[in-house]
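Me: I have a protein model to look at, and I want to know what its labels rest on. Can we go through some of them?

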Amino acid sequence: MAKDAYFIYPKDVSAFGFDWGKLSLTVAPEVNGASRFSGGVVDLPSGKGHARHNHPGAEEIIFVISGEGEQMVEDENGDPITTRVGPGCTVYVPESRFHSTKNTGAEPMQLFVVYSPAGPELALRELPDFRLLPPGS
């Protein structure tokens, strides 16, 4: 595998753009051949966030790199659990659970997300506000 498949920056890949922010997949089957998971960097401007949604058949890890916000994950009974999160917090989203994230701080919020198995993030391309952003956007 070429060196550029092992070391990837968000600026090196196309991003999924939305009204609420963007997702730059830096690990995925179509990016570097990863087969068991995918992941990337999510950028959320101040006051923005993604609505309650789930990834059927997949688990997700959300790691807060910077910024602060509110994270909701539904428990096994479907009841929402919401807490404030900031840099260094890891959020576990069990398989198929609904969740949402909102940047409540004054600064941009940046997350690293991992999906297992790979693939559920591709459904984001079907959202009405989806646009493919060129590398470096």
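Me: Why is His 55 called buried?
Reply: His 55 has a relative accessible area of 5%. Buried means under 20%, exposed means over 50%, and partly exposed lies in between (1.4 Å probe, protein chains only). So 5% puts His 55 in the buried class.

Me: What should I know about the model itself?
Reply: It is a predicted model, where local features need pLDDT of at least 70 and side-chain atom pairs count only at pLDDT 80 or more, while totals for chains, interfaces and linings use all residues. Residues are numbered from 1 along each chain as its sequence is written, and side-chain values use heavy atoms, with hydrogens and water left out.

Me: What makes the link between the side chains of His 55 and His 53 a polar contact?
Reply: The distance is 3.3 Å. A polar contact is a pair of N or O atoms within 3.5 Å; within protein, one must be able to donate a hydrogen and the other to accept it, and residues adjacent in sequence count only if both atoms are side-chain atoms. The 3.3 Å pair is therefore within the limit.

Me: Which residues is His 55 in contact with, leaving aside its neighbours within four places in sequence?
Reply: They are Glu 60, Ser 96, His 99, Tyr 115 and Pro 120. Contact means heavy atoms within 4.5 Å.

Me: Why do the side chains of Arg 131 and Asp 19 count as a salt bridge?
Reply: Their N to O distance is 3.9 Å. A salt bridge needs a side-chain nitrogen of Lys or Arg within 4 Å of a carboxyl oxygen of Asp or Glu. So 3.9 Å qualifies. The two residues are 112 residues apart in the chain.

Me: Is Asp 19 buried or exposed?
Reply: Asp 19 is exposed, because its relative accessible area is 55%. Arg 131, at 38%, counts as partly exposed.

Me: What makes Arg 52 and Glu 74 another such pair?
Reply: Their side chains meet at 2.9 Å, N to O, so they too form a salt bridge. Glu 74 is buried, with a relative accessible area of 10%. Arg 52 is partly exposed, at 48%.

Me: How many salt bridges does the structure hold?
Reply: There are 4. Another one joins the side chains of Lys 11 and Asp 12, at 3.1 Å, N to O.

Me: Why is Lys 11 called exposed, but Asp 12 partly exposed?
Reply: Lys 11 has a relative accessible area of 53%, so it counts as exposed. Asp 12 has 40%, so it counts as partly exposed.

Methods: Helices (H or I, at least four residues) and strands (E, at least two) are DSSP runs, numbered from the N terminus.
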